[in-house]
Amino acid sequence: MNDIGFRVTPTMEGGNLHWDFPEGTVIVKKVYKTPKPAAGEKPIQLTIMVKTPKDPHAQGGWLWITRDLPDGKESVFMGNFCITCHANANEKHPYGDGNPREKFRDYVYFVPGETIPARQ
Ligand code: HEC
């Protein structure tokens, strides 16, 4: 995630933390060929979320992008494939801490300081 994303501060809504990542946040997840890549192995794809609520292609405030590697071909997802699954990040789910209190996490599964330790 870029520095803008790490500036996120949650607000309280109905006694629950509510996350709204700032415009300009970029989160990248590397996808490897196998679940346990060897040291130094290169990813085959990046999945990317860009917070840009005013973009006409944004869904839930984010652009949902894949970049194939190594050719760099990028696609912006217009269907609801990405967001349908990521909506589960705002409810109870089986990953990380599982979001037991169903906080609105802005479609992000691993929120810094919540489900992963804050960056040093
Ligand atoms: C079937 C469910 C599912 C779909 C579909 C899906 N994701 Fe995810 N995504 C996850 C899960 C679960 C995680 C967190 C665990 C992990 O890293 O594997 C995640 C993590 C991410 C992250 C890291 C931020 C975070 O939420 O922790 C990005 C970026 C991301 N996905 C982008 C995308 C994009 C772009 C698409 C569509 C091309 C997509 N995802 C489709 C389930 C999904």
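Helices (H or I, at least four residues) and strands (E, at least two) are DSSP runs, numbered from the N terminus. I start from that, with residues numbered from 1 along each chain as its sequence is written. The model is predicted, so I note that local features need pLDDT of at least 70, that side-chain atom pairs count only at pLDDT 80 or more, that totals for chains, interfaces and linings use all residues, and that side-chain values use heavy atoms, with hydrogens and water left out.

**Fold**

I looked up the elements. The protein has two helices and six strands. Read from the N terminus, they run α-β-β-β-β-β-β-α.

**A cis bond**

Next I checked the loop between strand S5 (62-68) and strand S6 (74-76), where Pro 70 lies. Leu 69 and Pro 70 are joined by a cis peptide bond, with omega at about 5°.

**The iron**

Which residue is the only protein donor of the iron atom of the ligand? I found His 86, which uses NE2 at 2.1 Å. Donors here are N, O and S atoms within 2.8 Å of the metal (3.2 Å for Na, K and Ca); water is not among the atoms, so sites may look incomplete. His 86 sits in helix H2, which covers residues 81-86.

**After H2**

I then went to the segment after H2, which holds Asp 106 and Tyr 107. Asp 106 is not a glycine, yet its phi is positive, near 60°. Tyr 107, also not a glycine, has a positive phi of about 70°. Are they buried or exposed? Buried means under 20% relative accessible area, exposed over 50%, and partly exposed in between (1.4 Å probe, protein chains only). Asp 106 is buried at 3%. Tyr 107 is buried too, at 16%.

**The whole chain**

I noted that buried residues make up 32% of the 120 residues. The accessible surface is about 7700 Å², and 57% of it belongs to carbon and sulfur atoms. Those areas come from the Shrake-Rupley method with a 1.4 Å probe; for residues, only the protein chains shown count as cover.

Last, contacts (heavy atoms within 4.5 Å). Of those between residues at least 6 apart in sequence, 32% join residues at least 24 apart.
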